[in-house]
Amino acid sequence: MRHTHSQSAQRRSHHALAGVRVTLCESCGSPRMNHRACTNCGKYNKREALNVYKNLDKKAKKTKEKVARS
Ligand SMILES: [Zn+2]
């Protein structure tokens with residue numbers, strides 16, 4: 001059945017997308033998505049879950065390790 005513009009608008013008032021929830025990593029302090037491992041240090045629940053050095057070349061690896069230590 002055909003609706004009025006108001007009825008369509010009222011239904012669509014619930015269609016907005018919620019923003020991504022972001023928190024700061026407990027280990028390195030960089031922004032991190034909730035329920036996801038940190039993309040900067042690879043930790044989740046203070047435990048290493050991702051190997052962040054795996055796909056880096058030798059030079060980038062060295063720089064990242066240097067930053068992680070400081
Ligand atoms: Zn981190």
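**Burial, fold and backbone**

Student: How many of the residues of the protein chain count as buried?

Tutor: A residue is buried if 20 or more other C-beta atoms lie within 10 Å of its own, exposed if 12 or fewer, and partly exposed in between, with C-beta atoms placed from the backbone. Of the 70 residues here, 4% count as buried. Please note that this is a predicted model: local features need pLDDT of at least 70, side-chain atom pairs count only at pLDDT 80 or more, and totals for chains, interfaces and linings use all residues. Residues are numbered from 1 along each chain as its sequence is written.

Student: What radius of gyration does the protein chain have?

Tutor: The radius is taken over C-alpha atoms, and the globule rule is 2.2 Å times the number of residues to the power 0.38. A compact globule of 70 residues would come near 11 Å, whereas the protein chain has 21 Å. Its C-alpha trace spans about 65 × 25 × 20 Å along the principal axes.

Student: In which order do the elements run?

Tutor: Helices (H or I, at least four residues) and strands (E, at least two) are DSSP runs, numbered from the N terminus. In the protein chain the order is α-β-β-β-β-α.

Student: Where is His35 placed, and is it buried or exposed?

Tutor: His35 lies in the loop between β2 (31-33) and β3 (43-44). His35 counts as exposed because it has 8 C-beta neighbours inside 10 Å. Although not a glycine, His35 has a positive phi of about 65°.
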